[in-house]
Structure formats: C-alpha cells, structure tokens
Amino acid sequence: MRLYLAGGAVRDMLLGRPAADRDFVYFGEEAELLHRFPDAKRAGKSFSIFIHRGMEFAPPRGATIHEDLLRRDLTVNALAMDEDGRLYLHPRAAEDLANRVLRPASNSSFTDDPLRVFRGPRFLAKHPDFSAHPELVSAMRQAAEEGLLDGLDAERVGAEVIKTLSAPRPGNFLRLLAKAHCLEPWFPELAGTDAIPAGPLPFHDESVLEHTAQCMDRAAALCHSFPQAEVPTAVWMSLCHDLGKASTDPEIWPKHYGHEGRGEESAAVLADRLRLSNRLRKAGTVASAKHMTMARYASLRPGTRVDMLDALRRDRLVEEMLVTAAADGDIPPDAALFTAVRQDLARMLAVHLPPEDQGKGPESGEKLRSLRCQALAESDSSL
C-alpha cells in the first residue's frame, strides 16, 4: 500500500503555515489500510473513506497520483507528498501558489463535484491573500448556468457556510459568489443586492451586498474584542441583518423603511434552506429584527431596553448582538454604547423579586419587569 499526504496540508507546508487538516490518499485495498490502522473508522457514502485519529484516508481519484491531482478542485490544493518526502504537484500548482491565485485544477473540476463552487469562495474567506483567477470565476458561472448547483445536498452547502463563518474575511465568500453569479439558488435573498444602494449618504456609499460583506469582515475581526461572542454566530448575524433591503421598493431607494421586519422572515428562510442549526436560525432573525433598535439604544425608554436585553439574554445573544451593532455601524468595541448595554444588563440581573411576589406566574414576571424598568430609570436620572 502507498500513502500520500495530499491537499491542504502539503499546500500549507509549502507556504510555511501550520496545517490544520491531514488528509491522505491510499493506493491499495481497504484491508491493507485497516491492517495498518486497525482503529480507523469508515466515513462517507460514495467513497471508501476512513478516519483515524483525526486524519482522513481516501482512495485515489485515478489510477496514479498524477491523475488524482488533476481531478482535485483547485490547482493550489492539487499537491501530494509520499512517505519518502517526494513532492507531486499539479502542472500549474507551483505557479499559482507563488502568485496566490485560485484556479480550477481541470476543465471538469466543477462538473465532477459542483459543491466546489462554494469551496473557492470559502478558500478566499480563509486565505484573503489569494485572488480568484478569471478561469475560476468562469467555471463557477458556467456551473450555475448549467443548473449544477440545484441538485446539491443542503447539508453540504450549509457545511461550507459554517466553515466560512469562522474565517478571517468571510465577506469574500459573498463577494466571489456574486461576481460569478452563483448566489442563486442557495442565497437568492442576496441575489442582485450588488445593484441596490445600502442606504443614503453619508451613512452608506456602497451596495447592500458590499455592506453585508464588510460587516461580516468587521464582525470576524471584532470578536477578538468580544471574547464571549461566538464568532460563527456573530458573523452569521452580520450576514442576515440587512436581508430585508433586498425587497425594498426601488422607488424609495436609497432608503429602506421597514427592512427589519422583512429581513426577519428572509433570515429564517435562508437558515432553513441551508439546514442550519436552530441557534443560527434564531440569531439571524434577531439580528434583522433588532439591529436598528440596538443602534438607537441610548434613546430608548427603560421598558424597551429591558425587554430587548431580557430577550437577548434568554437567547444567549447579547455579545453577538453587540458585535453585529459594532460591525454595522463601524463602532469601536470600547464605545459608550456597549458600556451602557452591559451596565444596564447588570442592573437588571441585580433586581430580585421579594418573597411575597414570587411564584405567581405571569403576575410575578410583570412585577419583575416593572422593578427592572425602575432600576434603569433611576440610573438614567442619576446621570
């Protein structure tokens, strides 16, 4: 049996970067592989793929390692190294690695597996120092035009999205999909938003799509200043917060009255289509419904603040909502807005019902809300 370390691990090694995944190609029988790695577990349905201690072992996509490399997704991933340390590269891999260019490994790369249309954008999100070669954009566009994206499994597309949400520049995912006309059928809520103004000057001078991508990028960066926030959740909220602007009547552009409510439904539909978790589904709808309210936080009445913070706390989305607001308004993480939110939340949680008001169902809940509103109002009057 012959083993080759393949794909991203070899690429990252050549780039001087730590390798996150170690994937192998094995030439030989399954019995040989299992004899060498008795604890390996089968995974996958269409291929004889095995997992052993976090490493993946897959059969080759061809009779030789050279054929296997030609059948991979991108030239910069079409690399392998045998157990003696010898390198095997796609004919254009070295050139494209040196130039930081993403190019399909062959003319059939995306017809062999149309899911690769989403892997190129995900790669750009993870490695923003690379750029998309025109051949990549053309191949993606052709796959979409031929309807190859229609039959993909929702879970596979959703998995690519989940991985993108943890990348340093997740906005690149949307940018490349839009450039290649690949937002449909999986992201129809964003299709055409590159031609819709995000809002009036001086608040916006970009399209809805570019504003969304910028917010995703800022959210990913801001999470370092909001360590309690879940990065994928915060980035997903930034993706969803302005979805309602896609359905604004063009007659009132660049304004988008009522986009919060329209976007709430769009965020739920998008999450359902991608088979995302209930948490992400909820987070997307909350981001759309509440991002404008959070931006006006300082002017809200105590009751409105109590209701919003209590709902965010129950959904475990307080920090993620702060990240979304910061990303949307390009607000620094140490802004007074976020200090006020945290202080109000602490004041609310410090309020407790007296024993005689406890255990009375909705009446107790209303009494607790009233006491919390009073605590926030007293704090306001002392300022």
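## A buried ring

Phe226 is buried, with a relative accessible area of 0%; buried means under 20% relative accessible area, exposed over 50%, and partly exposed in between, using a 1.4 Å probe and protein chains only. This is a predicted model, in which local features need pLDDT of at least 70 and side-chain atom pairs count only at pLDDT 80 or more, while totals for chains, interfaces and linings use all residues. Residues are numbered from 1 along each chain as its sequence is written, and side-chain values use heavy atoms, with hydrogens and water left out.

## Overall chain

The protein chain has 17 helices and nine strands. These are DSSP runs numbered from the N terminus: helices are H or I with at least four residues, strands are E with at least two. The C-alpha trace spans about 75 × 55 × 35 Å along its principal axes.

Of the 383 residues in the chain, 49% are buried. Take the contacts between residues at least 6 apart in sequence: 67% of them join residues at least 24 apart. Contact here means heavy atoms within 4.5 Å.

## Aromatic pairs

The structure holds nine aromatic pairs. Rings of Phe, Tyr and Trp (its six-membered ring) pair if their centres lie within 6.5 Å; planes under 30 degrees apart count as stacked, over 60 as edge-to-face and the rest as tilted. Phe37 and Phe57 form a tilted pair, 4.8 Å centre to centre with 35° between the planes. This pair links distant parts of the chain, 20 residues apart. Phe37 sits in the loop between helix 2 (30–36) and strand 3 (41–43), and Phe57 in strand 5 (residues 55–58). Both Phe37 and Phe57 are buried.

Phe226 pairs with Phe338: the ring centres are 5.6 Å apart and the planes stand at 90°, so the pair is edge-to-face. Phe338 is buried, with a relative accessible area of 0%. Elsewhere, ring pairs link Tyr4, Phe27 and Tyr88 into a cluster.

## Largest pocket

The largest pocket has a volume of about 1600 Å³. Pockets and cavities are found on a 1 Å grid over the protein atoms alone: a cavity is a set of points where a 1.4 Å probe fits but cannot get out, a pocket is an open set with protein on both sides within 12 Å along at least five of seven lines, and lining residues have an atom within 4 Å of a point. Grid points are joined across faces, edges and corners, and a volume is the space filled by probe spheres set on the points.

The largest pocket is lined by 42 residues. Asp23, Glu56, Arg61, Arg119 and Arg122 lie nearest its centre. By class, the lining has 16 nonpolar, seven polar and 19 charged residues. Ala, Val, Leu, Ile, Met, Phe, Trp, Tyr, Cys and Pro count as nonpolar, Asp, Glu, Lys and Arg as charged, and the others, Gly among them, as polar. Elements that each supply at least two lining residues include helix 1 (8–15), strand 2 (23–27), strand 4 (49–52) and helix 6 (116–126).

Of its 27 lining residues, Phe203, His204, Lys245, Met292 and Asp328 are closest to the centre. The lining divides into nine nonpolar, nine polar and nine charged residues.

His259 belongs to helix 12 (residues 259–273). His259 is buried, with a relative accessible area of 4%. Its side chain makes a polar contact with the side chain of His291 at 3.1 Å. A polar contact is a pair of N or O atoms within 3.5 Å; within protein, one must be able to donate a hydrogen and the other to accept it, and residues adjacent in sequence count only if both atoms are side-chain atoms. The His259 side chain also reaches the backbone oxygen of His256 at 2.9 Å. Not counting residues up to four places away in sequence, His259 touches residues including Lys245 and Met292.

## The cavity

The structure holds one cavity of 30 Å³ or more. Its lining consists of Val161, Thr164, Leu165, Phe173, Leu174, Phe187, Met216 and Leu239. Seven of these are nonpolar, one is polar and none is charged. Helix 8 (154–165) gives the most, with three residues.
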